[in-house]
Amino acid sequence: MTLNRMVATVFLAMTAMAVPPALAQEKTLDGKPPLVVGHRGASGYLPDHTLEGYRKAIEMGADFIEPDLVATKDGVLIARHEPMLGGTTDVSTKPEFASRKRKVKVDGIDTEEWFAFDFTLAEIKTLRAIQPLKERDQSHNGKYAVPTFQDVIDLAKAESARLGRVIGVYPETKHPSLHSAVGLPLEDRLVNQIKAAGWTEKTSPVIIQSFEVANLKYLRTRTNVRLVQLVDADGVDKDGKIVLAAPYDKPYDFVITGNPKTFADLVTKEGLAEIKTYADGVGPWKPYIMAGKQEIGADGKPKDLNGDGKIDEQDRVLLPPTDLVKNAHALGLFVHTWTFRSEPRRLASNFKGDPVAEYKAFYALGIDGLFSDFPDHAAKAR
């Protein structure tokens, strides 16, 4: 058994017994504390991708803030989780935009929505953000504007100066193939803006991420800043194995070019070695690092471990961690994993409803950073 697995196994056993974690843990690639990235801001508290949410994440201790980037009709990069606006803004309440709703193929899936690339920036600025998850606080709906990428850069710089610590920006290029297909490619727009911000080197406080591969390879020819290959999946089965199903089975540019490789192939030793040729880090969904399995009863159904009448993450038991972090580090790739959320239903049974215990378990594996909807909990655990 590797030291990595020994440390993690001991830790998880102690966590399950509600005993404080072992002090020994794997090191990050650079030996520094893992980064906390405010996922879409402080999205556990405020609507996604708003200046108010980003500011709150910074106040809570986030090292980086994450703007997902899409383009407007007039070519301006704005921060939205998807080019589809219906789930994160009040566009559906605006009669003047009712006719803008249309059907577009998004990663091969027919999607009827309002798309950012059908709106000018001036029109986008008339919209207000809403909280997309119904279980979370809805009282801030309709209060906050949609920021541009430049707004986010300006905020990070201002907060860095105010606080005396560097706040980084971690943009994701959303659906780059789709944006190219509609004549609004993201890559050069992004590079030009970060260059104007003075961010051109690996030491710059910016990291670019994408689920696609071709655009990262192109970005590698245009900038020296850090790049991260994101790795997705459709779900986890009862045994804790990764499930791959379209459109979450492979980078969409692989679909376009007929490349048979899947996201799971990207995190094999060979896949990681390929990533190393064009990126600096890998961003796997966290079950690729440590997943949980269901316990199946005699009736063939999952056991309701906490007796709440529902089957969710709380009814899963953690499996031993994989070697993904170790293998990535051996190649010099850092590992930033996602997404950490504090609602009890999202936490494996081992953590007993305590999100800090989940963070500590992943930190013990030597991850170099993580994305959290609740950056205060992530910072507290660190």
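A residue counts as buried under 20% relative accessible area, as exposed over 50% and as partly exposed in between, with a 1.4 Å probe and protein chains only. In strand β3 (residues 68–71), Asp-68 and Val-70 point one way and Leu-69 and Ala-71 the other, and all are buried. This is a predicted model, in which local features need pLDDT of at least 70 and side-chain atom pairs count only at pLDDT 80 or more, while totals for chains, interfaces and linings use all residues. Residues are numbered from 1 along each chain as its sequence is written, and side-chain values use heavy atoms, with hydrogens and water left out. Helices (H or I, at least four residues) and strands (E, at least two) are DSSP runs, numbered from the N terminus.

**Pairing of strand β3**

- Strands pair if DSSP finds at least two bridges between them; β3 is joined to strand β8 (residues 172–173) by 2 bridges, and these strands run parallel, with Thr-173 in β8 as the bridge partner of Leu-69.
- β3 and β4 form a hairpin with 5 residues between them, and Gly-75 in the turn has a positive phi of about 80°.

**Packing of helices α4 and α6**

- Helix α4 (residues 149–163) packs with helix α6 (residues 187–196) at an angle of about 25°, with their axes 11 Å apart, where axes are lines fitted to C-alpha atoms, for helices over the stretch in contact, and angles run from 0 to 180 degrees between N-to-C directions.
- That angle makes α4 roughly parallel to α6, a term for angles under 35 degrees, whereas those over 145 count as roughly antiparallel, 65 to 115 as roughly perpendicular and the rest as oblique.
- In contact terms (heavy atoms within 4.5 Å), Phe-149, Gln-150 and Ile-153 in α4 meet Leu-190, Gln-193 and Ile-194 in α6.

**Cis peptide bonds**

- The peptide bond from Ala-246 to Pro-247 is cis, with omega near 5°, and Pro-247 has its place in the loop between β12 (242–243) and α8 (252–257).
- Trp-338 and Thr-339 are also joined by a cis peptide bond, with omega about -20°, and Thr-339 is found in strand β16 (residues 334–340).

- His-49, in the loop between β1 (35–38) and α2 (51–59), has a positive phi near 50° and is buried, with a relative accessible area of 0%.
- Lys-352, in the loop between β16 and α12 (355–363), has a positive phi of about 50° although it is not a glycine, and Lys-352 counts as exposed at 56% relative accessibility.
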